Amino acid sequence: GASDDFVTPIILASVVIAAGLLQWYTELQAESLMDALSTMKATDPVPTVRREGNKRKDMTLDASDLLPGDIVFLKQGDRVPADVRIIWCTEGMEVDNAAL
């Protein structure tokens with residue numbers, strides 16, 4: 001009867017509101033994770049070697065100035081400043097990718 005006319009719209013409205021709140025919360029979490037990742041960028045200058053012809057140039061560069069082919073020297077506790085290829089490391093080296 002008459003009570004059935006109110007139950008269905010109330011349930012549907014509740015489901016729509018709950019889905020909207022869940023979507024908002026999920027987007028809020030994703031946004032905060034992106035902010036956290038952007039603050040994790042390596043900001044310290046990085047000891048780097050560049051080759052120009054047959055000459056070796058030792059320099060210290062900001063992570064934003066690194067180029068493909070640069071050799072980067074890292075020590076324990078350093079953040080990896082870019083997408084790098086490991087050409088030599090000590091035994092027992094570990095990388096923490098938990099933030100990714």
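Reply: Let us begin with the sheet, an open one of three strands in the order S2-S1-S3 with antiparallel pairing, in which S2 and S3 are the edge strands, since each pairs on one side only. This is a predicted model, in which local features need pLDDT of at least 70 and side-chain atom pairs count only at pLDDT 80 or more, while totals for chains, interfaces and linings use all residues. Residues are numbered from 1 along each chain as its sequence is written, and side-chain values use heavy atoms, with hydrogens and water left out.

Me: Why is the contact of Asp70 with Arg50 called a salt bridge?

Reply: The term requires a side-chain nitrogen of Lys or Arg within 4 Å of a carboxyl oxygen of Asp or Glu. For Asp70 and Arg50 the closest N and O atoms are 2.9 Å apart, so the pair qualifies. Asp70 lies in the loop between strand S2 (55-61) and strand S3 (71-72), and Arg50 in strand S1 (residues 46-52), so the pair ties together parts that are 20 residues apart in sequence. The structure holds two salt bridges, and the other joins Asp58 to Arg56, where the closest N and O atoms are also 2.9 Å apart.

Me: What makes Asp70 count as buried, and is Asp58 buried or exposed?

Reply: Buried means under 20% relative accessible area, exposed means over 50%, and partly exposed lies in between (1.4 Å probe, protein chains only). Asp70 has 16% relative accessibility, so it counts as buried, and Arg50, with a relative accessible area of 16%, is buried as well. Asp58, at 53%, counts as exposed, whereas Arg56, at 47%, is partly exposed. Buried residues make up 9% of the 100 residues in the protein.

Me: How do you know that the protein is more spread out than a compact globule?

Reply: The protein has one helix and three strands, following the pattern α-β-β-β along the sequence. Its radius of gyration is 26 Å, well over the 13 Å that the globule rule gives for 100 residues, so the protein is more spread out than a compact globule. The radius is taken over C-alpha atoms, and the rule is 2.2 Å times the number of residues to the power 0.38. Along the principal axes, the C-alpha atoms fill a box of roughly 90 × 30 × 20 Å.

Me: Where is Val80, and why is Val80 called partly exposed?

Reply: Val80 is in the segment after S3, and its relative accessible area is 45%, so Val80 is partly exposed.

Note on methods. Helix = DSSP H or I, 4+ residues; strand = E, 2+ residues; numbered from the N terminus. Pairing = 2+ DSSP bridges.
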